[in-house]
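Please open the model in your viewer and keep a selection tool at hand. The stops below are meant to be taken in order.

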Amino acid sequence: MTQPVALPRIEPRFTRATRWSQCWHIFAFDATAVFKSVPFLVMLLIGVLNMFGASTQMGQMFGTDVYPMTHLMVELLSSSFTFMLLIIVTFYAGELIFKERQVKIADVVDAMPVPNWAPLLAKSLALVGVVLAFMLAGVLAAMAIQLVRGGAPVELQLYLKGALIAGLPFIFMALIGVVAQVVTNNKFIGYLLMILLMVWQIVAGILHFDHNLYSFAGLPGAPYSDMNGYGHFLTGWAWFALYWTLFTVAALIVAQAFWVRGLSTDWRTRVRAAGRHLTGPLGVALAACLLAFGGVGGWIFHNTNTLARYEAKDVTMDKQALYEKTYRKYKDLPHPKITDIRAAVDIYPEERRVRIKGSYVLQNKTNQPLDTLRLQFNPDVESTLSGLPEHKVELDDKTSGFRIIKLAQALAPGARMPLDFVIDVRHPGFSNGGTPDTVNLNGTFFNNREFFPSIGYQNGFELTDRNERRKRGLGEPERMAKLEDQAARANTAFGADGDWISFDTVVSTSGKQIALAPGYLQKSWQENGRNYYHYKMDQKMLPFFAYLSADWQVKKADWHGIPIEIYHDRKHAYNVDRMITGTQKSLDYFTTQFTPYQHKQVRILEFPNYNSFAQSFANTIPFSESIGFIADLRDKEDIDYVFYVTAHEMAHQWWGHQIAPANVQGETMLVESLAQYSALMVMEKEYGRDKMRRFLRYELDRYLSSRGGEKIEELPLYRVENQDYIHYRKGSLIFYRLRDEIGEEALNRALKRFVQDKGFQEAPFTTSTELLDYIRAEAPVAKHALIADMFEKIVFYDNRVLEARAKKRADGQWDVTMKLHLAKMEADGKGRETPRTYDEPVEIGVFARAKGAKEQDERALLLEKRVLTGENPVVTITVKEQPFDVGVDPYNKMIDRVSRDNRKEVTVD
């Protein structure tokens, strides 16, 4: 007889390790199920494909790519990949919480010896894991894109930081989705609550409830710059992240108290049960989280509202409206002007603090005594005045920064007086939105208009949005004085503060940083661990200057003995040589065609990518890291916009710093449109006339697409009111065509005479009307009507090639027949169009291209202007070689409503 076998006795153990093991297995099971699910994989694929598509346009200007710097890839991750996460976390929050119930095993699972917190924690962590896995997939895709494109280092640490910053709001949304599902105990009500939360966040922003303290998962921005890293932005981000983490943990504790186990009960019973659960350690934990949440919220409020002075957008607009209503009456009153500026500027990058000790010399340039000074200060900084003669402060509006000072003795015509001031710029606390400002740990850049006191009422403080103005009882916005306003010609486009000034400054900074300002370095020294630089301008300049401080590398070159210096970040040496070449070629063209360069040096200085522009000050050109320093010019067929922007900013040393136009309509035509034309000429000399078509087409397309966004009225070019789509885009096209119509020599003679006569002039300052007089004087009389159409009217064309055929002749030549459509319209400021007679010659062309060649390799077999009659003329031309395509206005010099139908491939009979 077989002896019975003694089986081992199993004793169940439910220790802390058991509970954590149970939690782990639930987590692994749920997370794996999500990762294998078709909806997740489909949404992940959509996100990856969208990111790949968006990467082809990343940072492009004029169709030219940028190097795939890691911070750009992180931005791409946030903007074009994570959008699917809101759907994922909302959907899977419901799926995970109701998973067991949907497959009818909930009662069995609930009977298992598992603590309530284990499944809740496991499912929450599974959803967090889904977010992290999704972000990891995005990071891997971004790295793949970066490696394929090449040229930029892969920064793993930055990817991790960027992915955390981008992903944390979705983690919060995932966990609050879990809470909604648990507490409501109804999947579809939980989904509805999540949708309502997202809708509310959109509506709250529209209603100006935009503080992150009451916008769930709201975190301030944390922009990244290669120059400044994450700078000071992570401090505010981290406090808000802690704030919402505490809130989310508290919500999860409440969800645990509401966790349903066994048969579902009614709402009141669940509330009572939750109350009982919260009377023990769970309640203590909830109280601790809520106390910490409140404490952190109080600290954030202190920093954002008390120290950093947060204001809702509608409050800011109310202040702007009040400023205009109260002080606009002083707008046109006479006041003295600044003639001399001396300033000692101390920049403390590590503290994000600036101290300015400055002095103005004010001169009464009117013909009447002046006994009142009206001064405008930045209300966000501390300002102290001294050095004034005996006076009385009649008004000191701390909110708007406006002061009125009554002099005991009036300032006589021609007399001068001092005005000394001390400005203390501090940035205490942290901001609600994480909006970049101009004082940074590395890469400070501010101009005098930001912190220095201004003279008189400032139009720039006014509210410009038409709808917001109407809400506050203000009239239509007045962008600029009319061209015919003779009184307005007393001031330049750079403001009423002063005309031409002498400038002397000492600027200091800390550590390894260099501090720069316009002028020439007189002396540099170190004192108390700080670096000091004394700059002085050797001639009069406009009252528009800047200060910069950063840890740069410096590349030096020269042009006929004039030093050229490029101050750039160590990571961004890619295009420094192109900037030097652009500067040299610009000086070649401008000094030959216009007037001598007025300075003895050129400096280009890189600043962080928080703004994307370049700006020309006297002999000093700040240049954003995002619009040239990282442009990818490895493809020689791309538009070299680094060269172009450099030439444009160099042109401002003439158009803006020699020619200082009156502050009336058309002012930006003289500053920006002429800089556009000058840069186009330099670019054409470098790359050839045939290479300009793509650039001009970009300008035309951007002009046409921007017209629909006009909020007030489109104006003719000579009356432009600082409308960038007109003075940049249309200005390029108009002046380039004008060169073609009257000849480069004639146009440049007009511009040269204009600079010789109007450069460095005193009031009354020049206008666009005066420039047109110079142009007409050099143009044939037959072109005067066309000049009026281009500058004084809004004229469009509709030029199209409808059909193009070619037939080879017996003598080997080719007869090319093209059917065209020609139309000309004139529009008013609201876009209403009126047909016009097509009364001008139009350029037609026939082009040859080798098989497989690109447009840039084509050759013009014929390019000439002809006067054509009729709306659909037919033209036959004989050429010596087989044509590839034909065109009417083939280089897009005219303002054509559709730029891409001007050419057509030839059909060979």
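This is a predicted model: local features need pLDDT of at least 70, side-chain atom pairs count only at pLDDT 80 or more; totals for chains, interfaces and linings use all residues.

Residues are numbered from 1 along each chain as its sequence is written, and side-chain values use heavy atoms, with hydrogens and water left out.

Select residues 16-36 and 117-149, which are helices H1 and H7; helices here are DSSP runs of H or I with at least four residues, numbered from the N terminus. Their axes, 8 Å apart, meet at an angle of about 40°, where axes are lines fitted to C-alpha atoms over the stretch in contact and angles run from 0 to 180 degrees between N-to-C directions. That makes H1 oblique to H7, since angles under 35 degrees count as roughly parallel, over 145 as roughly antiparallel, 65 to 115 as roughly perpendicular and the rest as oblique.

Show Leu 86, Thr 90, Phe 91, Gly 94 and Glu 95 of H4 together with Lys 187, Tyr 191, Met 194 and Met 198 of H9, which make the contact.

Now select Val 345, Tyr 547, Trp 655, Phe 735, Ile 775 and Phe 791, the residues with the most contacts inside the largest nonpolar core, which has 264 residues. Such a core is a set of buried Ala, Val, Leu, Ile, Met, Phe, Trp, Tyr and Cys residues joined through side-chain atoms within 4.5 Å, buried meaning under 20% relative accessible area with a 1.4 Å probe and protein chains only. Helix H8 (residues 156-184) gives the most to this core, with 17 residues. Apart from it lies another core of six residues, including Tyr 323 and Phe 402.

Finish at Gln 676, which lies in helix H19 (residues 667-687) and, at 3% relative accessibility, counts as buried. Leaving out residues up to four places away in sequence, Gln 676 touches Tyr 644, His 648, Glu 699, His 727, Tyr 728, Arg 729 and Ser 732. The C-alpha atoms of Gln 676 and His 727 are separated by 8.7 Å, with the two residues 51 apart along the chain.

Definitions and conventions: Helices (H or I, at least four residues) and strands (E, at least two) are DSSP runs, numbered from the N terminus. Contact means heavy atoms within 4.5 Å. Buried means under 20% relative accessible area, exposed over 50%, partly exposed in between (1.4 Å probe, protein chains only).
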